[in-house]
Amino acid sequence: MTASRTPAEAREPRMEPLSRLPVFYALAGKRVVLAGGTPAAAWKAELLSAAGAEVDVLARELSDEMLAVAANPPQGAIVVHLRDWEATDFAGATIAVGAFEGDEEAERFADAARKAGVPVNVIDKPPYCDFSFGSIVNRSPLVIGVSTDGGAPVFAQAIRARLEALVPRGFARWAAAARRWRDAVKASGLSFAGRRSFWRIFAAHALAHPDREPAQSDFDAFIARTRDRSAAPDSGSVTLVGAGPGDPELLTLRAVRALQAADVILIDDLVAPEILDFARREAKKMLVGKTGGAPSCKQDEINALMVSLAKAGKHVVRLKGGDPLIFGRAGEELAACRAARIAVEVVPGISAAQGAAGRLGLSLTHRKLARRVQYLTAHAENGRLPTDIDWASLADPSTTSVIYMPKRTLAELAATALAHGLAPDTPALAVAAATQPQQRIIAGTIADIARRLEDASPEGPVLVMIGRALADAAQAGKAAGDDAPPSQESRMSARGV
(Lines give C-alpha, C1' and ligand atoms only; values in the text may rest on other atoms or scores of the structure.)
Protein backbone atom coordinates (compact mmCIF):
# COMPACT_ATOMS: atom_id res chain seq x y z
CA MET A 1 0.00 0.00 0.00
CA THR A 2 1.24 3.50 -0.85
CA ALA A 3 0.97 5.99 1.98
CA SER A 4 -1.23 8.98 1.29
CA ARG A 5 -0.66 12.64 1.96
CA THR A 6 -2.85 15.70 1.76
CA PRO A 7 -2.40 18.67 -0.58
CA ALA A 8 -0.12 21.25 1.03
CA GLU A 9 0.82 24.80 0.17
CA ALA A 10 4.22 24.95 -1.52
CA ARG A 11 6.85 27.18 0.03
CA GLU A 12 7.56 30.17 -2.12
CA PRO A 13 11.15 29.88 -3.43
CA ARG A 14 13.47 32.40 -1.79
CA MET A 15 15.10 35.06 -3.94
CA GLU A 16 18.58 34.05 -5.00
CA PRO A 17 21.40 36.50 -4.11
CA LEU A 18 21.58 39.55 -6.38
CA SER A 19 24.86 41.17 -7.37
CA ARG A 20 22.92 44.38 -8.10
CA LEU A 21 19.40 45.54 -7.30
CA PRO A 22 17.75 46.59 -10.58
CA VAL A 23 16.05 49.95 -10.06
CA PHE A 24 14.86 52.66 -12.46
CA TYR A 25 15.53 56.27 -11.53
CA ALA A 26 12.88 58.91 -12.26
CA LEU A 27 15.14 61.75 -13.44
CA ALA A 28 12.76 64.07 -15.27
CA GLY A 29 13.58 67.62 -14.14
CA LYS A 30 16.24 66.38 -11.68
CA ARG A 31 19.78 67.73 -11.60
CA VAL A 32 22.70 65.40 -12.38
CA VAL A 33 26.42 66.13 -12.01
CA LEU A 34 28.68 64.75 -14.75
CA ALA A 35 32.45 65.23 -14.44
CA GLY A 36 34.42 64.69 -17.64
CA GLY A 37 34.20 65.54 -21.33
CA THR A 38 35.30 62.25 -22.92
CA PRO A 39 33.32 60.30 -25.54
CA ALA A 40 32.29 57.87 -22.77
CA ALA A 41 31.03 60.81 -20.69
CA ALA A 42 29.15 62.13 -23.73
CA TRP A 43 27.25 58.85 -24.02
CA LYS A 44 26.26 59.07 -20.35
CA ALA A 45 25.19 62.70 -20.83
CA GLU A 46 22.98 61.65 -23.75
CA LEU A 47 21.50 58.81 -21.70
CA LEU A 48 20.76 61.02 -18.72
CA SER A 49 19.26 63.75 -20.91
CA ALA A 50 17.07 61.15 -22.64
CA ALA A 51 15.68 60.29 -19.18
CA GLY A 52 14.78 63.97 -18.69
CA ALA A 53 17.62 64.94 -16.36
CA GLU A 54 19.15 68.43 -16.29
CA VAL A 55 22.84 67.59 -16.76
CA ASP A 56 25.67 69.82 -15.48
CA VAL A 57 28.87 68.81 -17.32
CA LEU A 58 32.09 69.82 -15.53
CA ALA A 59 35.27 69.55 -17.63
CA ARG A 60 38.12 71.70 -18.92
CA GLU A 61 38.26 69.83 -22.25
CA LEU A 62 35.33 68.51 -24.30
CA SER A 63 35.32 65.82 -26.96
CA ASP A 64 33.53 66.36 -30.24
CA GLU A 65 30.91 63.87 -29.07
CA MET A 66 30.21 65.91 -25.93
CA LEU A 67 29.95 69.16 -27.92
CA ALA A 68 27.49 67.53 -30.31
CA VAL A 69 25.19 66.09 -27.65
CA ALA A 70 25.27 69.30 -25.59
CA ALA A 71 24.21 71.26 -28.68
CA ASN A 72 21.32 68.90 -29.39
CA PRO A 73 20.25 67.04 -26.22
CA PRO A 74 17.54 64.36 -26.61
CA GLN A 75 15.34 65.77 -23.79
CA GLY A 76 16.80 67.39 -20.66
CA ALA A 77 19.19 70.32 -21.02
CA ILE A 78 22.94 69.68 -20.98
CA VAL A 79 24.84 72.66 -19.54
CA VAL A 80 28.63 72.73 -19.96
CA HIS A 81 30.91 74.33 -17.33
CA LEU A 82 34.53 74.61 -18.51
CA ARG A 83 36.16 73.94 -15.15
CA ASP A 84 37.03 71.11 -12.78
CA TRP A 85 34.41 69.72 -10.43
CA GLU A 86 34.16 70.96 -6.82
CA ALA A 87 32.62 69.46 -3.69
CA THR A 88 29.92 72.16 -3.69
CA ASP A 89 28.66 70.91 -7.08
CA PHE A 90 26.95 67.94 -5.45
CA ALA A 91 24.45 70.08 -3.52
CA GLY A 92 20.98 69.35 -4.85
CA ALA A 93 22.14 66.66 -7.25
CA THR A 94 20.17 63.42 -7.61
CA ILE A 95 23.09 61.34 -8.90
CA ALA A 96 26.70 61.95 -9.92
CA VAL A 97 28.69 60.43 -12.78
CA GLY A 98 32.41 60.74 -13.40
CA ALA A 99 34.81 59.84 -16.22
CA PHE A 100 38.45 59.70 -15.10
CA GLU A 101 41.62 58.00 -16.31
CA GLY A 102 43.27 57.50 -12.90
CA ASP A 103 41.99 55.86 -9.75
CA GLU A 104 43.09 58.72 -7.49
CA GLU A 105 40.73 61.25 -9.09
CA ALA A 106 37.98 58.64 -9.31
CA GLU A 107 38.29 57.90 -5.60
CA ARG A 108 38.20 61.62 -4.66
CA PHE A 109 35.08 62.15 -6.79
CA ALA A 110 33.29 59.11 -5.36
CA ASP A 111 34.16 60.05 -1.76
CA ALA A 112 32.94 63.63 -2.24
CA ALA A 113 29.66 62.49 -3.78
CA ARG A 114 29.02 59.99 -1.00
CA LYS A 115 29.76 62.58 1.69
CA ALA A 116 27.08 64.74 0.05
CA GLY A 117 24.67 61.79 0.11
CA VAL A 118 24.61 61.50 -3.69
CA PRO A 119 24.78 58.04 -5.38
CA VAL A 120 27.78 57.90 -7.69
CA ASN A 121 28.95 56.05 -10.79
CA VAL A 122 32.51 56.26 -12.14
CA ILE A 123 32.59 54.97 -15.71
CA ASP A 124 34.42 51.65 -16.10
CA LYS A 125 35.57 51.66 -12.47
CA PRO A 126 33.22 49.35 -10.49
CA PRO A 127 34.96 49.84 -7.10
CA TYR A 128 33.83 53.47 -7.13
CA CYS A 129 30.25 52.84 -8.23
CA ASP A 130 27.09 52.79 -6.11
CA PHE A 131 25.07 51.89 -9.19
CA SER A 132 25.65 50.79 -12.78
CA PHE A 133 23.91 51.67 -16.02
CA GLY A 134 23.89 48.31 -17.79
CA SER A 135 22.77 47.72 -21.36
CA ILE A 136 19.37 49.08 -22.30
CA VAL A 137 16.58 47.95 -24.58
CA ASN A 138 14.49 51.07 -25.14
CA ARG A 139 10.81 50.67 -25.90
CA SER A 140 9.94 53.52 -23.58
CA PRO A 141 7.93 53.53 -21.42
CA LEU A 142 8.87 49.84 -21.59
CA VAL A 143 12.56 49.76 -20.65
CA ILE A 144 14.69 46.64 -20.14
CA GLY A 145 18.06 46.82 -18.40
CA VAL A 146 20.77 44.14 -18.51
CA SER A 147 23.64 44.07 -16.00
CA THR A 148 26.60 41.76 -15.42
CA ASP A 149 27.80 43.76 -12.39
CA GLY A 150 30.54 45.25 -14.55
CA GLY A 151 32.11 41.85 -15.08
CA ALA A 152 31.25 41.27 -18.74
CA PRO A 153 29.94 44.38 -20.54
CA VAL A 154 30.34 42.76 -23.96
CA PHE A 155 28.22 39.82 -22.83
CA ALA A 156 25.53 42.22 -21.60
CA GLN A 157 25.60 43.97 -24.97
CA ALA A 158 25.16 40.61 -26.74
CA ILE A 159 22.13 39.83 -24.57
CA ARG A 160 20.75 43.29 -25.28
CA ALA A 161 21.14 42.66 -29.01
CA ARG A 162 19.23 39.41 -28.65
CA LEU A 163 16.44 41.17 -26.73
CA GLU A 164 16.31 43.94 -29.35
CA ALA A 165 15.46 41.26 -31.91
CA LEU A 166 12.87 39.60 -29.66
CA VAL A 167 10.99 42.67 -28.41
CA PRO A 168 8.95 44.36 -31.17
CA ARG A 169 9.31 48.13 -31.36
CA GLY A 170 5.53 48.39 -31.36
CA PHE A 171 5.51 47.41 -27.69
CA ALA A 172 6.46 51.02 -26.95
CA ARG A 173 3.03 52.13 -28.19
CA TRP A 174 1.22 49.50 -26.11
CA ALA A 175 3.22 50.37 -22.99
CA ALA A 176 2.35 54.05 -23.53
CA ALA A 177 -1.31 53.10 -23.93
CA ALA A 178 -1.19 51.14 -20.68
CA ARG A 179 0.11 54.24 -18.91
CA ARG A 180 -2.63 56.38 -20.45
CA TRP A 181 -5.39 53.93 -19.58
CA ARG A 182 -4.36 52.99 -16.05
CA ASP A 183 -6.39 55.70 -14.30
CA ALA A 184 -9.41 54.95 -16.48
CA VAL A 185 -9.24 51.27 -15.54
CA LYS A 186 -9.07 52.18 -11.84
CA ALA A 187 -12.10 54.46 -12.27
CA SER A 188 -14.08 51.89 -14.24
CA GLY A 189 -15.70 50.30 -11.20
CA LEU A 190 -14.13 46.92 -11.90
CA SER A 191 -13.12 44.81 -8.91
CA PHE A 192 -9.48 43.97 -8.25
CA ALA A 193 -9.95 40.63 -10.02
CA GLY A 194 -11.73 42.44 -12.87
CA ARG A 195 -8.89 44.91 -13.30
CA ARG A 196 -6.40 42.06 -13.41
CA SER A 197 -8.59 40.36 -16.01
CA PHE A 198 -8.57 43.59 -18.06
CA TRP A 199 -4.77 43.69 -18.07
CA ARG A 200 -4.58 40.02 -19.03
CA ILE A 201 -6.82 40.75 -22.02
CA PHE A 202 -4.73 43.83 -22.82
CA ALA A 203 -1.43 41.90 -22.64
CA ALA A 204 -2.70 39.03 -24.80
CA HIS A 205 -3.90 41.48 -27.46
CA ALA A 206 -0.66 43.51 -27.38
CA LEU A 207 1.44 40.35 -27.75
CA ALA A 208 -0.69 39.22 -30.68
CA HIS A 209 -0.73 42.64 -32.41
CA PRO A 210 2.54 44.38 -31.48
CA ASP A 211 2.63 46.59 -34.59
CA ARG A 212 -0.90 47.98 -34.26
CA GLU A 213 -1.51 51.46 -32.96
CA PRO A 214 -3.65 51.14 -29.77
CA ALA A 215 -6.95 52.98 -30.11
CA GLN A 216 -9.78 54.03 -27.82
CA SER A 217 -11.89 51.33 -29.47
CA ASP A 218 -9.43 48.74 -28.13
CA PHE A 219 -9.85 50.08 -24.59
CA ASP A 220 -13.64 49.98 -24.91
CA ALA A 221 -13.54 46.41 -26.26
CA PHE A 222 -11.27 45.26 -23.42
CA ILE A 223 -13.56 46.81 -20.82
CA ALA A 224 -16.62 45.19 -22.42
CA ARG A 225 -14.95 41.76 -22.53
CA THR A 226 -13.90 42.12 -18.91
CA ARG A 227 -17.43 43.03 -17.80
CA ASP A 228 -18.86 40.09 -19.77
CA ARG A 229 -16.48 37.73 -18.01
CA SER A 230 -17.21 39.23 -14.60
CA ALA A 231 -20.95 38.89 -15.14
CA ALA A 232 -20.71 35.21 -16.03
CA PRO A 233 -21.68 32.85 -13.18
CA ASP A 234 -19.04 30.49 -11.79
CA SER A 235 -16.32 32.40 -13.59
CA GLY A 236 -13.58 30.23 -12.13
CA SER A 237 -11.78 27.83 -14.44
CA VAL A 238 -9.26 25.00 -14.56
CA THR A 239 -6.38 24.67 -17.01
CA LEU A 240 -4.39 21.45 -17.20
CA VAL A 241 -0.90 22.56 -18.18
CA GLY A 242 1.93 20.36 -19.40
CA ALA A 243 5.18 21.56 -17.83
CA GLY A 244 7.31 19.45 -20.15
CA PRO A 245 10.00 17.02 -18.99
CA GLY A 246 11.97 19.57 -16.99
CA ASP A 247 13.86 22.03 -19.15
CA PRO A 248 12.06 25.39 -18.62
CA GLU A 249 12.86 26.44 -22.20
CA LEU A 250 10.55 23.68 -23.46
CA LEU A 251 7.48 25.40 -21.97
CA THR A 252 5.02 26.56 -24.60
CA LEU A 253 4.01 30.21 -24.80
CA ARG A 254 0.46 29.20 -23.96
CA ALA A 255 1.70 27.41 -20.83
CA VAL A 256 3.58 30.54 -19.73
CA ARG A 257 0.46 32.68 -20.23
CA ALA A 258 -1.61 30.24 -18.17
CA LEU A 259 0.94 30.29 -15.33
CA GLN A 260 1.01 34.09 -15.34
CA ALA A 261 -2.79 34.29 -15.15
CA ALA A 262 -3.28 31.71 -12.38
CA ASP A 263 -4.73 32.38 -8.96
CA VAL A 264 -3.81 28.92 -7.68
CA ILE A 265 -1.30 26.40 -9.07
CA LEU A 266 -1.58 22.73 -8.11
CA ILE A 267 1.86 21.22 -8.64
CA ASP A 268 2.99 17.66 -9.32
CA ASP A 269 6.15 16.34 -7.67
CA LEU A 270 7.72 15.76 -11.09
CA VAL A 271 7.55 19.42 -12.11
CA ALA A 272 11.03 21.00 -12.14
CA PRO A 273 11.18 23.89 -9.61
CA GLU A 274 12.57 26.26 -12.28
CA ILE A 275 9.23 26.07 -14.11
CA LEU A 276 7.62 28.11 -11.32
CA ASP A 277 9.88 31.06 -12.17
CA PHE A 278 7.41 31.70 -15.00
CA ALA A 279 4.38 31.73 -12.69
CA ARG A 280 2.63 34.78 -11.34
CA ARG A 281 4.32 35.58 -8.04
CA GLU A 282 1.04 36.27 -6.25
CA ALA A 283 -0.45 32.90 -7.22
CA LYS A 284 -0.95 30.42 -4.38
CA LYS A 285 1.11 27.30 -5.03
CA MET A 286 0.10 23.92 -3.62
CA LEU A 287 1.88 20.57 -3.80
CA VAL A 288 -0.45 17.75 -4.80
CA GLY A 289 2.22 15.27 -5.81
CA LYS A 290 1.78 11.66 -6.82
CA THR A 291 5.04 9.69 -6.70
CA GLY A 292 5.33 5.97 -7.15
CA GLY A 293 6.31 4.20 -3.90
CA ALA A 294 6.14 7.41 -1.86
CA PRO A 295 3.37 9.19 0.06
CA SER A 296 1.01 10.61 -2.55
CA CYS A 297 -2.12 12.72 -2.64
CA LYS A 298 -5.22 10.75 -3.58
CA GLN A 299 -6.63 11.55 -6.98
CA ASP A 300 -10.14 12.08 -5.57
CA GLU A 301 -8.75 14.70 -3.17
CA ILE A 302 -6.96 16.49 -5.99
CA ASN A 303 -10.14 16.51 -8.08
CA ALA A 304 -12.21 17.84 -5.18
CA LEU A 305 -9.68 20.59 -4.39
CA MET A 306 -9.45 21.64 -8.02
CA VAL A 307 -13.24 21.86 -8.39
CA SER A 308 -13.80 23.68 -5.08
CA LEU A 309 -11.20 26.33 -5.92
CA ALA A 310 -12.71 26.90 -9.37
CA LYS A 311 -16.22 27.15 -7.89
CA ALA A 312 -14.86 29.88 -5.61
CA GLY A 313 -14.01 31.86 -8.74
CA LYS A 314 -10.31 31.02 -8.91
CA HIS A 315 -8.33 30.46 -12.08
CA VAL A 316 -6.71 27.12 -11.27
CA VAL A 317 -3.71 25.71 -13.12
CA ARG A 318 -3.09 21.99 -12.65
CA LEU A 319 0.60 21.81 -13.49
CA LYS A 320 1.82 18.38 -14.60
CA GLY A 321 5.19 17.10 -15.69
CA GLY A 322 5.51 16.23 -19.38
CA ASP A 323 2.22 16.22 -21.26
CA PRO A 324 -0.95 15.91 -19.12
CA LEU A 325 -2.61 13.79 -21.82
CA ILE A 326 0.05 11.05 -21.61
CA PHE A 327 -0.27 9.01 -18.39
CA GLY A 328 -1.12 12.18 -16.49
CA ARG A 329 -4.65 11.22 -15.32
CA ALA A 330 -6.01 14.08 -17.38
CA GLY A 331 -9.11 12.04 -18.20
CA GLU A 332 -10.17 11.82 -14.57
CA GLU A 333 -9.55 15.50 -13.92
CA LEU A 334 -11.35 16.60 -17.08
CA ALA A 335 -14.33 14.41 -16.12
CA ALA A 336 -14.43 15.91 -12.60
CA CYS A 337 -14.47 19.46 -13.98
CA ARG A 338 -17.13 18.70 -16.57
CA ALA A 339 -19.32 16.97 -14.01
CA ALA A 340 -19.10 20.11 -11.85
CA ARG A 341 -19.76 22.36 -14.90
CA ILE A 342 -16.37 24.02 -14.50
CA ALA A 343 -14.75 25.53 -17.60
CA VAL A 344 -11.66 23.44 -18.33
CA GLU A 345 -9.01 23.42 -21.04
CA VAL A 346 -5.77 21.59 -21.70
CA VAL A 347 -2.41 23.09 -22.63
CA PRO A 348 -0.34 20.22 -24.03
CA GLY A 349 3.31 19.93 -23.07
CA ILE A 350 6.43 18.41 -24.55
CA SER A 351 6.36 14.77 -23.46
CA ALA A 352 9.32 13.16 -21.73
CA ALA A 353 9.73 10.92 -24.77
CA GLN A 354 9.90 13.89 -27.12
CA GLY A 355 12.29 15.75 -24.85
CA ALA A 356 14.61 12.76 -24.48
CA ALA A 357 14.59 12.04 -28.21
CA GLY A 358 15.34 15.69 -28.93
CA ARG A 359 18.31 15.74 -26.58
CA LEU A 360 19.63 12.51 -28.11
CA GLY A 361 19.12 13.79 -31.65
CA LEU A 362 17.21 10.74 -32.82
CA SER A 363 13.97 10.09 -34.66
CA LEU A 364 11.54 7.74 -32.97
CA THR A 365 9.97 7.00 -36.36
CA HIS A 366 12.92 6.70 -38.73
CA ARG A 367 11.16 5.78 -41.96
CA LYS A 368 13.55 2.90 -42.73
CA LEU A 369 13.43 1.44 -39.23
CA ALA A 370 10.08 2.18 -37.57
CA ARG A 371 6.60 2.63 -38.99
CA ARG A 372 4.99 3.59 -35.68
CA VAL A 373 5.73 4.70 -32.13
CA GLN A 374 3.71 3.62 -29.10
CA TYR A 375 3.62 4.80 -25.49
CA LEU A 376 2.75 2.33 -22.73
CA THR A 377 2.95 2.21 -18.97
CA ALA A 378 4.69 -0.54 -17.05
CA HIS A 379 2.84 0.40 -13.88
CA ALA A 380 -0.77 -0.64 -13.26
CA GLU A 381 -3.00 0.78 -10.55
CA ASN A 382 -1.86 -1.97 -8.17
CA GLY A 383 1.82 -1.13 -8.81
CA ARG A 384 2.46 -4.26 -10.86
CA LEU A 385 3.00 -4.86 -14.55
CA PRO A 386 -0.31 -4.33 -16.42
CA THR A 387 -1.99 -7.54 -17.57
CA ASP A 388 -3.44 -6.07 -20.77
CA ILE A 389 -0.24 -5.15 -22.64
CA ASP A 390 -0.37 -6.02 -26.34
CA TRP A 391 2.77 -8.15 -26.41
CA ALA A 392 2.59 -8.72 -30.16
CA SER A 393 2.83 -4.98 -30.81
CA LEU A 394 5.72 -4.69 -28.34
CA ALA A 395 7.57 -7.49 -30.19
CA ASP A 396 6.98 -5.89 -33.60
CA PRO A 397 10.49 -5.03 -34.94
CA SER A 398 9.07 -2.04 -36.87
CA THR A 399 7.80 -0.35 -33.70
CA THR A 400 9.48 2.08 -31.34
CA SER A 401 8.08 1.59 -27.84
CA VAL A 402 8.35 4.14 -25.04
CA ILE A 403 7.81 2.66 -21.57
CA TYR A 404 6.70 5.01 -18.82
CA MET A 405 7.11 4.26 -15.09
CA PRO A 406 9.28 1.17 -15.67
CA LYS A 407 11.55 1.06 -12.62
CA ARG A 408 9.79 -1.72 -10.65
CA THR A 409 8.58 -3.91 -13.46
CA LEU A 410 11.11 -3.52 -16.27
CA ALA A 411 12.75 -6.93 -15.74
CA GLU A 412 9.38 -8.69 -15.91
CA LEU A 413 8.32 -6.64 -18.93
CA ALA A 414 11.56 -7.42 -20.78
CA ALA A 415 11.34 -11.14 -20.02
CA THR A 416 7.74 -11.33 -21.19
CA ALA A 417 8.48 -9.33 -24.37
CA LEU A 418 11.36 -11.68 -25.16
CA ALA A 419 9.06 -14.67 -24.62
CA HIS A 420 6.63 -13.15 -27.15
CA GLY A 421 9.30 -12.84 -29.84
CA LEU A 422 11.06 -9.51 -29.29
CA ALA A 423 14.66 -9.96 -30.47
CA PRO A 424 17.16 -9.99 -27.56
CA ASP A 425 19.49 -7.56 -29.37
CA THR A 426 16.77 -4.92 -29.79
CA PRO A 427 18.38 -1.59 -28.73
CA ALA A 428 17.10 -0.02 -25.52
CA LEU A 429 17.77 3.32 -23.80
CA ALA A 430 16.79 4.27 -20.27
CA VAL A 431 16.59 8.03 -19.75
CA ALA A 432 16.42 9.51 -16.25
CA ALA A 433 15.44 13.14 -15.60
CA ALA A 434 15.07 13.81 -19.33
CA THR A 435 16.21 17.29 -20.51
CA GLN A 436 17.27 18.33 -17.00
CA PRO A 437 20.89 19.15 -16.05
CA GLN A 438 21.15 15.84 -14.17
CA GLN A 439 19.87 13.79 -17.13
CA ARG A 440 21.42 10.31 -17.33
CA ILE A 441 21.38 7.85 -20.22
CA ILE A 442 21.75 4.09 -19.71
CA ALA A 443 22.24 2.27 -23.02
CA GLY A 444 21.81 -1.45 -23.69
CA THR A 445 19.49 -3.99 -25.26
CA ILE A 446 16.11 -5.29 -24.17
CA ALA A 447 17.95 -8.32 -22.76
CA ASP A 448 20.12 -6.34 -20.33
CA ILE A 449 18.55 -2.89 -19.88
CA ALA A 450 16.79 -3.86 -16.63
CA ARG A 451 20.07 -4.94 -15.03
CA ARG A 452 21.89 -1.85 -16.30
CA LEU A 453 19.15 0.42 -14.96
CA GLU A 454 19.20 -1.28 -11.56
CA ASP A 455 22.99 -1.00 -11.35
CA ALA A 456 22.92 2.69 -12.28
CA SER A 457 20.05 3.56 -9.86
CA PRO A 458 19.53 7.03 -11.37
CA GLU A 459 17.47 9.67 -9.59
CA GLY A 460 14.42 11.28 -11.12
CA PRO A 461 11.66 9.96 -13.37
CA VAL A 462 12.74 7.27 -15.83
CA LEU A 463 11.45 6.14 -19.20
CA VAL A 464 12.78 3.36 -21.40
CA MET A 465 12.78 3.49 -25.20
CA ILE A 466 12.99 0.28 -27.22
CA GLY A 467 13.38 -0.25 -30.95
CA ARG A 468 15.65 -0.47 -33.96
CA ALA A 469 15.41 3.31 -34.52
CA LEU A 470 17.54 3.71 -31.37
CA ALA A 471 20.45 1.62 -32.65
CA ASP A 472 22.88 4.47 -33.36
CA ALA A 473 22.15 6.29 -30.09
CA ALA A 474 22.40 3.07 -28.05
CA GLN A 475 25.70 2.12 -29.68
CA ALA A 476 27.17 5.57 -29.09
CA GLY A 477 25.88 5.60 -25.51
CA LYS A 478 27.53 2.26 -24.68
CA ALA A 479 30.78 3.44 -26.24
CA ALA A 480 30.75 6.61 -24.13
CA GLY A 481 29.74 4.86 -20.90
CA ASP A 482 26.40 4.06 -19.37
CA ASP A 483 25.99 7.42 -17.63
CA ALA A 484 27.00 9.65 -20.54
CA PRO A 485 24.58 10.90 -23.19
CA PRO A 486 26.03 10.30 -26.64
CA SER A 487 27.62 13.39 -28.11
CA GLN A 488 26.83 14.64 -31.59
CA GLU A 489 30.26 13.49 -32.72
CA SER A 490 29.80 9.94 -31.38
CA ARG A 491 26.37 9.68 -32.99
CA MET A 492 27.83 10.72 -36.34
CA SER A 493 30.65 8.21 -35.94
CA ALA A 494 28.17 5.44 -35.15
CA ARG A 495 26.32 6.23 -38.37
CA GLY A 496 29.52 6.04 -40.38
CA VAL A 497 29.53 9.77 -41.20
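## Report on cores, backbone geometry and charged pairs

Helix H11, which spans residues 352-360, has Ala-352, Ala-353, Gly-355, Ala-356, Ala-357 and Leu-360 as buried residues. Directly after H11 comes Gly-361, whose phi is positive at about 65°. The model under discussion is predicted.

**Nonpolar cores**

The largest nonpolar core comprises 25 residues, and those with the most contacts inside it are Ile-403, Leu-413 and Ile-449. At least two residues of this core come from each of helix H12 (391-395), helix H13 (410-419), strand E18 (427-432), helix H14 (449-456) and strand E20 (462-466). Another core, of 20 residues, lies apart from it and includes Val-264, Met-286, Val-307 and Leu-309. In soluble globular proteins, nonpolar side chains tend to be buried together.

Which residues does Ile-449 touch, not counting those up to four places away in sequence? They are Leu-410, Ala-428, Leu-429, Ala-430, Ile-442, Ala-443, Gly-444 and Val-464.

**Nonpolar surface**

Met-15, Leu-18, Leu-21 and Val-23 make a nonpolar surface patch of about 460 Å².

**Backbone geometry**

Most residues other than glycine have a negative phi, and most peptide bonds are trans. Ala-433 has a positive phi, near 50°, and is located in the loop between E18 and strand E19 (440-445). With a relative accessibility of 1%, Ala-433 is classed as buried. Ser-457, also not a glycine, has a positive phi of about 45°; its place is in the loop between H14 and E20. A cis peptide bond, with omega near 10°, runs from Ser-140 to Pro-141. Pro-141 is situated in the loop between strand E8 (135-139) and strand E9 (142-146).

**Salt bridges and a polar contact**

Side chains of opposite charge can pair when their charged atoms come close. The count of salt bridges comes to 24.

| Salt bridge | N to O distance |
|---|---|
| Arg-20 and Asp-149 | 2.6 Å |
| Asp-448 and Arg-452 | 3.2 Å |
| Arg-280 and Asp-263 | 3.8 Å |

The salt bridge of Arg-20 with Asp-149 links distant parts of the chain, 129 residues apart: Arg-20 is in the loop between E2 and E3, and Asp-149 is in the loop between E9 and helix H4 (153-166). Arg-20 is partly exposed, at 23% relative accessibility, and Asp-149 is partly exposed with a relative accessible area of 31%.

For the salt bridge of Arg-280 with Asp-263, Arg-280 occupies the loop between strand E11 (264-267) and strand E12 (284-287), while Asp-263 occupies the loop between helix H8 (253-261) and E11, so the pair ties together parts 17 residues apart in sequence. Arg-280 and Asp-263 are both buried. Asp-448 and Arg-452 are likewise both buried.

The side chain of Gln-299 is joined to that of Glu-333 by a polar contact of 2.9 Å.

Key: Residues are numbered from 1 along each chain as its sequence is written. This is a predicted model: local features need pLDDT of at least 70, side-chain atom pairs count only at pLDDT 80 or more; totals for chains, interfaces and linings use all residues. Side-chain values use heavy atoms; hydrogens and water are left out. Patches are made of residues with over 30% relative accessible area and no salt bridge: like charges are joined within 9 Å, nonpolar side chains (Val, Leu, Ile, Met, Phe, Trp, Tyr) within 5 Å. Accessible areas come from the Shrake-Rupley method with a 1.4 Å probe; for residues, only the protein chains shown count as cover. A salt bridge is a side-chain nitrogen of Lys or Arg within 4 Å of a carboxyl oxygen of Asp or Glu. A polar contact is a pair of N or O atoms within 3.5 Å; within protein, one must be able to donate a hydrogen and the other to accept it, and residues adjacent in sequence count only if both atoms are side-chain atoms. Buried means under 20% relative accessible area, exposed over 50%, partly exposed in between (1.4 Å probe, protein chains only). Helices (H or I, at least four residues) and strands (E, at least two) are DSSP runs, numbered from the N terminus. A nonpolar core is a set of buried Ala, Val, Leu, Ile, Met, Phe, Trp, Tyr and Cys residues joined through side-chain atoms within 4.5 Å. Contact means heavy atoms within 4.5 Å.
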